[in-house]
Amino acid sequence: MQALRWLALVFAAACAVAPLHASAQAPAQPPVQNPGPAAPVQAPGSAQRSSFANPAEYDSYMAALNTKDPARKAQAMEVFIAWYPGSILRLEAHEQAISAWQAANQPAKADVLVARLLQIDPDNLRALANRAYVGRLKASGGEAAALAGAVTASQRGLAVMPKWQKPALLDDAGFAKVKEQLAGVFNGVLGFAALQEKDYDKARVYYREAVAADPTNLQDVYQYAVAQLEGSPVDALGFWYGARAIAIARAAKSDSAAQDIDRYVRSRYRVYRGSEEGWDAIVTRVANESAPPANFKKSIPRAMTPPEQALQVLEDNEPNKLTPAQWVLVLRHRDVSPANKRAAEAVWKAIGERQGASRLKMTFKVVSVTPERIEGAITDEAQAGNLVDIEVTPARPLNPPPSVGTKIAMFGTLSEYRTQPFAFRFVRAELAPESMPVAGGQCADPRPQMCTKDYRPACGQLRDGSRKTYGNACTACSDPQVVSQGAGACP
């Protein structure tokens with residue numbers, strides 16, 4: 001019941017400062033300084049006994065308000081609500097009764113009043129917070145159906161929060177604190193719901209807000225760690241929050257909870273790093289830290305999987321500055337996770353922008369070749385194993401075609417790619433000048449039928465013994481009268 005007691009404290013703090021509707025237009029009175037432990041609770045604002053047409057209504061409310069035993073106080077507030085259903089104090093009476101039932105460890109009775117209060121005031125933040133928190137508690141205990149109502153209440157609570165007016169008797173700092181606590185309840189519920197759906201990205205967003213509101217909430221801190229460690233990519237900050245959850249559990253003398261948390265987070269750490277080296281030191285250090293150090297994530301070395309390496313590439317570099325080999329790494333793992341998909345989309349967009357501005361140049365090893373098609377290897381791994389990761393369609397048949405095993409460069413357009421097995425489609429490709437056939441030597445049959453227009457002059461030796469300058473070696477040998485050709489224009 002520790003969680004319910006915590007909620008009761010938050011709820012009571014909000015109720016204690018809520019102004020009476022009768023005094024909403026009146027200036028607040030200064031708070032009583034050091035009233036002493038025996039001082040009875042006074043009605044806030046300027047509402048006085050004389051302002052009630054029926055003073056017994058005021059007396060009944062104040063008698064209930066000053067009842068010390070939580071259960072008796074809740075009962076007295078319910079009696080007041082029954083006797084005076086139209087009272088201007090009925091909202092405050094509901095809130096006080098709910099808070100008292102929570103303090104008395106009677107959540108079911110509190111929930112009945114919450115339902116009634118929400119019928120009267122659907123946007124009552126304290127009632128929404130109670131509905132959200134109790135629903136989460138029930139869902140955590142196996143009552144899965146309770147989560148839907150908790151989510152609805154949380155979504156409504158966060159939507160209503162910006163419109164909530166500051167109570168007259170609450171200063172700015174106190175109002176901000178209460179709003180933060182209530183927002184923490186709502187975000188914690190939505191984070192828990194996202195975690196049940198395995199939507200770890202969304203869970204991280206909600207838990208970040210919930211933990212900021214209450215860094216000592218064991219449930220939220222631990223579940224935030226789970227969302228970070230189960231998501232893809234793994235966020236190493238989850239190890240800090242996991243260690244922090246262990247420290248919170250130990251401080252609460254819940255050794256069994258601390259052991260369970262340690263067992264889970266330690267196993268994830270072992271997978272992440274490859275060993276448990278350094279984990280015990282992290283647990284010891286985090287016990288004395290209030291927030292993760294700036295360099296915490298980088299302090300844990302790891303051997304990343306290829307999909308994680310693809311994401312790391314985008315963390316360390318702008319998409320428009322990647323190499324073709326890095327393009328392959330990122331695009332190949334597009335379908336592994338939502339994060340990898342976003343990374344692939346960013347890289348493919350950058351490729352499109354790059355080749356939209358100028359012709360794209362690709363360098364690769366020739367794995368197989370015909371005049372109309374080349375299969376090549378871009379990455380070092382593909383080149384070493386003669387694995388195809390680019391399929392090239394020349395703008396015109398290559399004659400003579402490049403030799404298998406040579407590295408060539410071509411200009412063209414990356415039109416598409418497939419992920420498994422990975423391969424680019426490179427179309428309308430033309431040889432780069434440095435990869436044109438070298439001039440010099442005998443012309444072989446069959447003669448070239450088509451040649452590129454790149455100008456690299458070659459001197460052709462004709463059958464009649466004369467010489468003629470051609471635009472390049474291919475053009476020279478396409479002439480059936482040329483026997484051989486040499487680099488450079490004829491003298």
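## Helix 6 and its ends

Let's start at a helix cap: at the N-terminal end of helix 6, a side-chain oxygen of N124 lies 3.2 Å from the backbone nitrogen of R126. Polar contacts of this kind are pairs of N or O atoms within 3.5 Å; within protein, one atom must be able to donate a hydrogen and the other to accept it, and residues adjacent in sequence count only if both atoms are side-chain atoms. This is a predicted model, in which local features need pLDDT of at least 70 and side-chain atom pairs count only at pLDDT 80 or more, while totals for chains, interfaces and linings use all residues. Residues are numbered from 1 along each chain as its sequence is written, and side-chain values use heavy atoms, with hydrogens and water left out.

Helix 6 covers residues 125-140, and its 16 residues reach 22 Å from the first C-alpha to the last, close to the expected 22 Å. That expected span is 1.5 Å times one less than the number of residues. Because 12 of its 16 residues are buried, helix 6 is largely enclosed by the rest of the structure. Among the buried residues are L125, L128, Y133, V134 and also R126, N130 and R136. Here buried means under 20% relative accessible area, exposed means over 50%, and partly exposed is in between (1.4 Å probe, protein chains only). After helix 6 comes G142, with a positive phi near 110°.

## The chain as a whole

The protein chain contains 18 helices and nine strands. Both are DSSP runs numbered from the N terminus: helices are H or I with at least four residues, and strands are E with at least two. Of the 491 residues in the protein chain, 45% are buried.

Among contacts in the protein chain with a separation of 6 or more, 56% are between residues 24 or more positions apart; a contact means heavy atoms within 4.5 Å. The chain exposes about 24700 Å², and carbon and sulfur atoms supply 53% of that area. The areas come from the Shrake-Rupley method with a 1.4 Å probe; for residues, only the protein chains shown count as cover.

The largest nonpolar core has 82 residues, and the members touching the most others are Y61, L182, F186, F239, W279 and I282. Helix 8 (residues 172-196) gives this core its largest share, 12 residues. A second, separate core has 33 residues, including V313, I390, M410 and M436. Such a core is a set of buried Ala, Val, Leu, Ile, Met, Phe, Trp, Tyr and Cys residues joined through side-chain atoms within 4.5 Å.

F239 is worth a look in the viewer. Leaving aside neighbours within four places in sequence, F239 is in contact with L229, V265, R268, Y269, Y272, W279, F296 and I300.

Two strands count as paired if DSSP finds at least two bridges between them.

Strand 6 is joined to strand 9 (residues 482-487) by two bridges, and G441 has Q485 as its bridge partner in strand 9. Four bridges link strand 7 (residues 458-462) to strand 8, again in the antiparallel sense, with A458 opposite Y470. The hairpin of strand 7 and strand 8 has four residues between the strands, and in this hairpin G465 takes a positive phi near 90°.

## Backbone details to check

Two cis peptide bonds deserve a glance. One runs from S232 to P233, with omega near 5°, and P233 sits in the loop between helix 10 (218-230) and helix 11 (237-251). Another joins Q420 and P421, with omega about -15°; P421 is in the loop between strand 4 (407-418) and strand 5 (423-431).

Positive phi values also occur in residues other than glycine. N105 has phi near 60°, lies in the loop between helix 4 (90-103) and helix 5 (107-120), and is partly exposed at 30% relative accessible area. R428 has phi near 50°; this residue is in strand 5 and is exposed, with 56% relative accessibility.
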